[in-house]
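Let me put the thing on screen and then walk you through it.

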Amino acid sequence: MARKTIVSSSSVMIQFSNVKKVYPGGNVALQGVNLEIGRGEFVFVLGHSGAGKSTFLKLILREEVATSGKVVVGGRDLSKIRRKDIPYLRRGLGVVFQDFRLIPSMNAFENVAFAMRVTNIPEKEIKKRVPYVLNLVGLAGKARSLPDELSGGEQQRVALARALVHSPPIIIADEPTGNIDPELSVEIMELLKAINMVGTTVVVVTHEHELAQRFSERIITIDHGNVVADDMQIGGEAF
Amino acid sequence: MRLSSFGYLCKQGWKNMGANRLMTFASIGVLTACFIITGIAALLVLDINAVVDHLADQNEIAVYLYPEVEDDRAEQIGNEIRALPNVGEVEYVSKLDAFGKMERMMEGYGNLLDGFEQIFPASYNVTVEDLGLIGETNQRLEAIDGVERTYVPVDLAEIMITIKNAVTYGGWGIVILLGLVSLIVISNTIRLTVFARRREISIMKYVGATNTFIRLPFFVEGMTVGIIAGLLSSGVVCGAYYLAMNFLHEMYNVWVLGLLDSLLRLEDIWYFVVVGAVVLGVIVGGIGTASSVKKHLKV
């Protein structure tokens, strides 16, 4: 399998310039990371536990601030962004978590609608958009089901629908297949691939090396807070 | 914020109350109890102050003039007294009035007073505006030319001032203390709700909710608990006040009946009690909520 180091595309969606993150207490999570992720890329960020993957995600979501260096997401320098503008940054990022993070008391429709309601979208628009997105992830018939009544794969699809509902230019998935069966993992990855095909930048953070090799065109490997490899894989698994 | 979003957030706040109904019920109960004691303490302070003021109004300085002071001079003295600071009402009692008063007191033995019509000195009965300054006012009255002596019930005045101060400071102290207790109660209720919903809050943050959006349901919850407690407590306080007034009326005690006129009347104050309790509920709910939600918004 041929690999090459990636050269960033002209339209950069995520940019890390010499980013260092040291937590209080002296724990160095990232040290001098440089990378660029372009519009429409499908990127896997690989690394074992404690490698710095979570910090990488937290910096993109502006949950943490870099100790030094510059993080730019969607053209915005996150070190300069005001606290009150963080919600607006996050509306442009669809996030999927390993543990789904669905609200147990809300059904699938409500969980997806919730993401629209918190951003002040009119009810009329919600009623139109949510069924459409649920249909996209193959859950049209499960709109009234509570998370407890859904399988792990279905719950992750609801989470994916929630991430997609704003049509964000970037989707961030943190170990999206960590809590589901291998067959269902493939389904989720195929869905992410389909989302990527329509131009959305997809960043999947995982420790599952095989899955990354099967689906990704680009794999960034982080180890001990450093980017140790940034490879382009020619022809990931076709969707 | 859209009206529909505002409506949605209010519904979320009320839904939270239903979801944590036991905690909500307990908070309303404790808060109502605090508000009842606060309300009763406040009314007691106001009523006792009113009674003390009423008694203070009866607290007159008697200013006796020399017997040889003629009517013209007596009238001048009256004007000088009225011009003094802290002087309220001034009533002139002429030599004949004083004689008449004595005659009435010695009814049946009136002939004993024959020939003494001019023996009683003319005087002025002077009420003071501020009981605390009665000593000062008395000194000024004594300094007026033609004034022989004054009679001032300083001891009674001091007792009145002591009672008034004790009731005022003690009563308002209780009100403030219970206000703080109410704040802690509501703050803990919201803290528990926020803790129970911390996961939901973190999801809200990740999907781009603003802090205002996240806070609003908690404010709705806190304020609703405060308003319900305010309405319940004001009802209880007004009911208790009505019963207390009825009880006092039915005592048929002349002294008590004399004081009843100076007390606050329920028909004049119920509106203020209700509005005051509800406003207190809103304030306590709002401040209690604000102090509880902040911590969990740092995602």
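Predicted model: local features only at pLDDT ≥ 70, side-chain atom pairs only at ≥ 80, totals over all residues.

**Sheets, then the interface**

Strands here are DSSP runs of E with at least two residues, helices are runs of H or I with at least four, and both are numbered from the N terminus.

Residues are numbered from 1 along each chain as its sequence is written, chains are lettered from A and ligands numbered from 1 in the order in which they are written, and side-chain values use heavy atoms, with hydrogens and water left out.

Four bridges join strand 1 of chain B to strand 4 of chain B, antiparallel. On strand 1 (residues 60–65) there are also five bridges to strand 3 of chain B, again antiparallel, and there B:Ile61 partners B:Val126. Strand 3 (residues 123–128) in turn has five bridges to strand 2 of chain B, with B:Glu91 partnered by B:Asn125. Put together, you get an open, antiparallel sheet of four strands in chain B, order 2-3-1-4; strands count as paired if DSSP finds at least two bridges between them. The edges are strand 2 (87–93) and strand 4 (147–151) of chain B, each pairing on one side only. Neighbouring strands in this sheet are turned by 20° against each other on average, direction ignored. Axes, by the way, are lines fitted to C-alpha atoms, for helices over the stretch in contact, and angles run from 0 to 180 degrees between N-to-C directions.

Chain A has an open sheet of four strands too, antiparallel, order 3-2-5-6. Its edge strands are strand 3 and strand 6 (76–77) of chain A. Seven bridges join strand 2 (residues 12–22) of chain A to strand 3 of chain A, and A:Phe16 stands opposite A:Leu35 in strand 3 of chain A. Helix 1 (residues 53–60) of chain A lies across strand 2, strand 3 and strand 5 (68–73) of chain A, at about 120° to strand 2 of chain A.

Now, how do the two chains meet? In contact, meaning heavy atoms within 4.5 Å, are 17 residues of chain B and 23 residues of chain A. The area buried between them is about 2,000 Å², with carbon and sulfur atoms giving 58%; that's accessible area (1.4 Å probe) lost on putting the two parts together, summed over both.

Helix 1 (3–19) and helix 7 (198–206) of chain B each supply at least two residues of the side touching chain A, and helix 7 of chain B gives the largest share, seven residues.

Last one: A:Glu41 and A:Arg218 form a salt bridge at 3.1 Å, linking parts of the chain 177 residues apart. That's me done, questions welcome.

Conventions:
Salt bridge = Lys/Arg side-chain N within 4 Å of Asp/Glu carboxyl O.
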